[in-house]
Each structure stands twice: as C-alpha cells, then as structure tokens.
Amino acid sequence: MEARRRRVHVTTLTVIRLLAIDIDGTLLDGRGRLPDAHRDAVAEASARGIEIALVTGRSFHFTHAVIDLLPIPLTLIVNNGAVVKRKTGETEIRNLLSGEAARIVLAETRHLEDSVAVVFDRPDERQIVFERMDWSHPNRRGYYEKNKAFIAHTAAPLSELLVEDPIQVMFNGSVQPMRALVQALRSLPVADRISVAITEYEHRDFSLVDVNAAGCSTGTPLARWAASRDLTSGEIMAVGDNPNDVEMLDFAGTAVVMANATDALKSRGYHLTASNDEGGLAQAIRRHALSPGSQL
C-alpha cells in the first residue's frame, strides 16, 4: 500500500448523512455473524434518515445473506468498487476490466493458475469461473460451500473465456506470496490499466488480491454516489478494517477503523473503535453519527 499523508482529526459538530460500512471484519463479527448491536445501530441510523452503503470486496451475490439480515434501504458497492448496485440487484455504476488487460494479467501469472478465478457480472452460475482452484483448502472451503451455485469450472484456459469484459481477476493465497503478487502486478506493463487491491487476514495466513479496471477503489464509487446524492465528504462516515478500505476511509470526513484492523491501517490516524467482536461498529455509529450534534 503506497504511503499516504497521516490524517489529523479535529473534533467538530458534523451531520452524518451517509454511512459507508465494510462487511467482513466490520459489520460481521469474527465468526461471520451479524451482532445484534451492529444490526440495531445500523437500523437506527437508517430510521433517522442516514443512507447506508455496504462497501466490500465481495461480489454482489455473496452479499445476499447479509442483505437479508438488514431489512432497510441499502446501496451495495461491491467488488472493491467496480460495481454499485441497489439492494434489489439493479446496477447503478459499473467499471469493468478490459478483456485484453485481463489476458495479460493471466499470462503473467500462470504459476498461480491454481489460485485464480475470473469474476463476471452475470445472472447465472458462471459468475466466478476457475480452471484449477483447489476449493478443498481450509481457507477456501467455506467460501465455496456458500457460493457454489455461482461458481463454474472450465477445462479451457481462463484467457479463452474472456469473450466479454470481466469485473475482475481474483487471486487468493497465503499472506506473503499475495503481497509479492501485488508488487509484481503493479510492475506489469499494463499497470496503468488496472487497479490492485489486497484484503488480508493475517491470523488465518490468507489474503485476497483483486485486479480491477484502473480507477477502481472503494473510494471512487463512494465519491460518485455521494455526488449523485448532493453529499459532501464531510457528511460521510466510513468504517473499515482492511487495506482495501483505505480509499473510502480517506474520502470520508469521519473515518473509523476497528480494533481488529491491520496495524498498518490503525497507524494512519483514523478514529479507532472496539473490535467487531466487541460491538465496535455500534459504538462508532452511536458516537459519531447518532450522538447529539451529529444529527440535525
């Protein structure tokens, strides 16, 4: 993650009108469940007129189980900012990776063909296509069981399936090899045509690396969505826990990270709240968005 200026926060009276929340490690607890405290705080914010956006590296279909637990209006910024959808599935914003750029990425990473899949914006089981992915790996098995209805195997090289532009090329593996992959991807001749995001779970020694179109990040679509709603960055609160959340945190006027966040994220000077297993999201919402002075 490239170096950025440390943020210095000054306590001011701020009216929060849009709440951007990461899902894994933030909205959900360490076991992937939605704590009652988090659900109630998000629902209260919505009832008070605050718009709610879930911002995640997940694909849209993988957010369904979470959406069903939040019976409130939602905007979904998924695939690390490549796609923005309504809760009902209609696409508002889409920034696809060119098939040509995807082919170059795949050609330069053939040694990782057992750790890569291509993600498409499709309504059927071919949304995630893989060639040699070992889904029995402990860090992949749960994802596969929850999403196998949307995952398809191909006997042909993935590059031959790029008859349409994909959302992203998705890699996963142990932390150190994936960090090395990020550096390699950012050194490719096609680097100016792609964006690279990494999500890390150091306690599991597992990372996800997403290759999207240039300009994709969690912050870019959040800014576009806010502009379409006539909102300023100062009226936005963002909460996250991972390196792929940096852009949305930097855009938001009120940026909060969880106690379970990576050390690199916590060192950037954002507001800090308790962990996702300690009701940290609820505490942050009540402190910064629902407290006296934070609402009109």
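**Entry 1: the cavity lining**

I sorted the residues lining the largest cavity and got three nonpolar, one polar and three charged. My sorting rule counts Ala, Val, Leu, Ile, Met, Phe, Trp, Tyr, Cys and Pro as nonpolar, Asp, Glu, Lys and Arg as charged, and the others, Gly among them, as polar. The lining residues are Leu 106, Thr 109, Arg 110, Glu 113, Val 116, Glu 131 and Leu 158. About 40 Å³ of space lies in this largest cavity, and the structure holds one cavity of 30 Å³ or more.

Grid points are joined across faces, edges and corners, and a volume is the space filled by probe spheres set on the points.

I must remember that this is a predicted model, where local features need pLDDT of at least 70 and side-chain atom pairs count only at pLDDT 80 or more, while totals for chains, interfaces and linings use all residues. Residues are numbered from 1 along each chain as its sequence is written, and side-chain values use heavy atoms, with hydrogens and water left out.

Next I looked up the largest pocket, which has a volume of about 1,200 Å³. I found 48 residues in its lining, and Asp 24, Arg 58, Phe 62, Tyr 201 and Arg 204 lie nearest the centre. Several elements give two or more residues to this lining, among them helix H1 (23–27), helix H3 (64–67) and strand E9 (168–173). (Helices, H or I with at least four residues, and strands, E with at least two, are DSSP runs numbered from the N terminus.) Which element gives the largest share of the lining? H5 does, with seven residues. By type, I get 14 nonpolar, 21 polar and 13 charged residues in the pocket lining.

**Entry 2: the six-stranded sheet**

I traced an open sheet of six strands in the order E8-E7-E6-E9-E11-E10, with mixed pairing. Two strands pair if DSSP finds at least two bridges between them. The edge strands, each pairing on one side only, are strand E8 (151–153) and E10.

Then I followed the pairs. E6 (residues 116–119) and E7 (residues 128–130) run antiparallel over three bridges, and Val 119 has Ile 128 as its bridge partner in E7. E6 and E9 are also antiparallel, joined by four bridges, and here Val 119 stands opposite Gln 168. E9 pairs with E11 over five bridges, again antiparallel, with Val 169 partnered by Val 211.

Is E9 enclosed or open? It is largely enclosed by the rest of the structure, because six of its six residues are buried. (Buried means under 20% relative accessible area, exposed over 50%, partly exposed in between, with a 1.4 Å probe and protein chains only.) In a regular strand the side chains alternate between the two faces of the sheet.

I found Phe 60 in the loop between strand E2 (51–55) and H3. Is Phe 60 buried or exposed? Phe 60 is buried, with a relative accessible area of 14%. Leaving aside neighbours within four places in sequence, I listed its contacts (heavy atoms within 4.5 Å), including Ile 67, Leu 76, Val 78 and Asn 79.

Leu 76 and Val 78 point one way from strand E3 (residues 75–78), Thr 75 and Ile 77 the other way, and all are buried. E2 and E3 run parallel, joined by three bridges, and Leu 76 is the bridge partner of Leu 54. E3 and strand E4 (residues 83–86) run antiparallel, with four bridges. Asn 79 takes a positive phi near 50° in the hairpin of E3 and E4, which has four residues between the strands.

Methods: 1 Å grid on protein atoms, 1.4 Å probe; cavity = no way out; pocket = protein on both sides within 12 Å on 5 of 7 lines; lining within 4 Å.
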